[in-house]
Amino acid sequence: MKIAHFPRSIVLLAVVLILLSVFAKSVKSQQDPIYTQYLTNLLSIQPAYAGISGVLTINALSRAQWVGWEGAPNSNTFTMHFPMKSFNVGLGLSIVNDKWGPILQNGLYADYAYRIILKPRQYLALGIKAGFNTYHARFTDLELNDPLDPSFAQNVDFKMLPNVGFGVLWHSDIFFLGISMPKLFKNNIVDDSDKKVYREVLHAYAMGGYVFSVADNVKLKPTALFRWSEQTPSYIDLAANILLYERVWFGATYRLKNSYALSFQFNVNSQLRFGYSFDLTTFHQNMINSGTHEFTINYEFHNTKRAKRYTARYF
């Protein structure tokens, strides 16, 4: 496979940075999980990703954040996606379990993507996402300095929050560039006495990356991901990963004014891949924790009559 020359990759990354600056806005808590190895879990935030590999693909991710800090977030995600017979259509499924403090959220979403061929092996994918979250909050289990604080007097036992979202992804074998907004509805969350606790906020993402050759059997993949949400801080992830002999990935990520991470992925074969990342925060140095651990496993079913890849396993 021919890898793009350096000048073209610079042009694409410049476009990514322009998109990030357009969306950038400093705004108060992140309601949706944050992942370091988001490229193995992109379907959870980008419905246009469905079917991109050309085969049935499943991925599981587990993230233990700020280990040793009581009430720290813990997130688990399972995604599955595959192309239909024509390969222009991709379908997907995302299951998310996210717990932080007394709050537990579970999500189930279906994804649909339609690909338009722009030129040989280059596509524009349009995606939609639909499903729901369930929300639980055991506020009365908290140990409070003021036991009479009315803000924590009632639990939120079970609330179903339906939602829809969309995404656009321009991609080929060696680059991707996209935007998405996985949830468009701002559902109200009320406690057992029907008093509004707070409201869901909008989240938007811009993403991009490129792969190019730097030496024989060595490839470099710089990527960028921007997360924006209402009333919460915005995040930009800047990452660079190196691929050796189409088998081993290793690299680093810097989340601006938040954390940095080291990551490693190993392709056992063309179908099975394992990944691990370790994060350390750059804020609140007095917050005692042992970092963040994230594990992924990805499997592609190539033994199918319709096995046909749209992209290599670079993203």
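This note walks through a predicted model of one protein chain, point by point.

1. **Overall make-up.** The chain has 315 residues, and 48% of them count as buried. Its secondary structure consists of 1 helix and 17 strands. The chain exposes about 15200 Å².

2. **The largest nonpolar core.** In soluble globular proteins, nonpolar side chains tend to be buried together. Here the largest nonpolar core holds 24 residues. Leu169 and Met207 touch the most other members of this core. Leu169 deserves a look in the viewer. Beyond residues up to four places away in sequence, Leu169 touches Gln46, Ala48, Tyr49, Ile52, Tyr123, Leu124, Ala125, Phe176, Leu177 and Gly178. A second, separate core has 6 residues, among them Met181, Ala204, Phe226 and Trp228.

3. **A stacked aromatic pair.** A pair of aromatic rings is described by the distance of the centres and the angle of the planes. The whole structure contains 6 aromatic pairs. One of them is Phe175 with Tyr210, whose ring centres lie 5.8 Å apart. Their planes meet at 10°, so the pair is stacked: the cut-off is under 30 degrees. The pair links distant parts of the chain. Phe175 belongs to strand S7 (residues 175–181), while Tyr210 belongs to strand S10 (residues 203–210). The two are 35 residues apart. Phe175 has a relative accessible area of 2%, so this residue is buried. Tyr210 is also buried, at 1%. Ring pairs also bring in Trp170, giving a cluster of Trp170, Phe175 and Tyr210.

4. **A tilted aromatic pair.** Phe176 and Phe315 form another ring pair, with centres 4.9 Å apart. The angle between their planes is 45°, so the pair is tilted. This pair, too, links distant parts of the chain. Phe176 is in strand S7, and Phe315 is in the segment after strand S17 (292–301). They are 139 residues apart. Both residues are buried.

5. **A charge over a ring.** Trp249 is involved in another kind of arrangement. Lys221 lies over the face of Trp249, at 4.1 Å from the ring centre.

6. **Asp111, a buried acidic residue.** Is Asp111 buried or exposed? Its relative accessibility is 3%, so Asp111 counts as buried: the cut-off is under 20%. Asp111 sits in strand S4 (residues 103–119). Its side chain makes a polar contact of 2.6 Å with the side chain of Lys129. Another polar contact, of 3.4 Å, joins Asp111 to the side chain of Ser94. Asp111 and Gly127 are 16 residues apart in sequence, yet their C-alpha atoms are 7.0 Å apart.

7. **Thr57 in strand S1.** Thr57 is found in strand S1 (residues 56–64). With a relative accessible area of 4%, Thr57 is buried. Where does its side chain reach? The side chain of Thr57 reaches the backbone oxygen of Val55, at 3.2 Å. Setting aside neighbours within four places in sequence, Thr57 is in contact with Thr79, Met80, His81, Asn298, Tyr299 and Glu300.

8. **Tyr198 in strand S9.** Tyr198 lies in strand S9 (residues 196–199). Its relative accessible area is 24%, so Tyr198 is partly exposed. Not counting residues up to four places away in sequence, Tyr198 touches Gln31, Trp100, Ile103, Tyr135, Asn187, Asn188 and Ile189. Tyr198 and Asn187 are 11 residues apart along the chain, and 8.9 Å separates their C-alpha atoms.

9. Most residues other than glycine have a negative phi, and most peptide bonds are trans. Tyr245 is not a glycine, but has a positive phi of about 55°. Glu246, also not a glycine, has a positive phi of about 55°. Tyr245 is in the loop between strand S13 (235–244) and strand S14 (248–255). Glu246 lies in the loop between S13 and S14. Tyr245 is exposed, with a relative accessible area of 59%. Glu246 is partly exposed, at 27%.

Definitions and conventions. Residues are numbered from 1 along each chain as its sequence is written. This is a predicted model: local features need pLDDT of at least 70, side-chain atom pairs count only at pLDDT 80 or more; totals for chains, interfaces and linings use all residues. Side-chain values use heavy atoms; hydrogens and water are left out. Helices (H or I, at least four residues) and strands (E, at least two) are DSSP runs, numbered from the N terminus. Buried means under 20% relative accessible area, exposed over 50%, partly exposed in between (1.4 Å probe, protein chains only). Accessible areas come from the Shrake-Rupley method with a 1.4 Å probe; for residues, only the protein chains shown count as cover. A nonpolar core is a set of buried Ala, Val, Leu, Ile, Met, Phe, Trp, Tyr and Cys residues joined through side-chain atoms within 4.5 Å. Contact means heavy atoms within 4.5 Å. Rings of Phe, Tyr and Trp (its six-membered ring) pair if their centres lie within 6.5 Å; planes under 30 degrees apart count as stacked, over 60 as edge-to-face and the rest as tilted. A charge sits over a ring if NZ of Lys or CZ of Arg is within 6 Å of the ring centre and within 35 degrees of the ring normal. A polar contact is a pair of N or O atoms within 3.5 Å; within protein, one must be able to donate a hydrogen and the other to accept it, and residues adjacent in sequence count only if both atoms are side-chain atoms.
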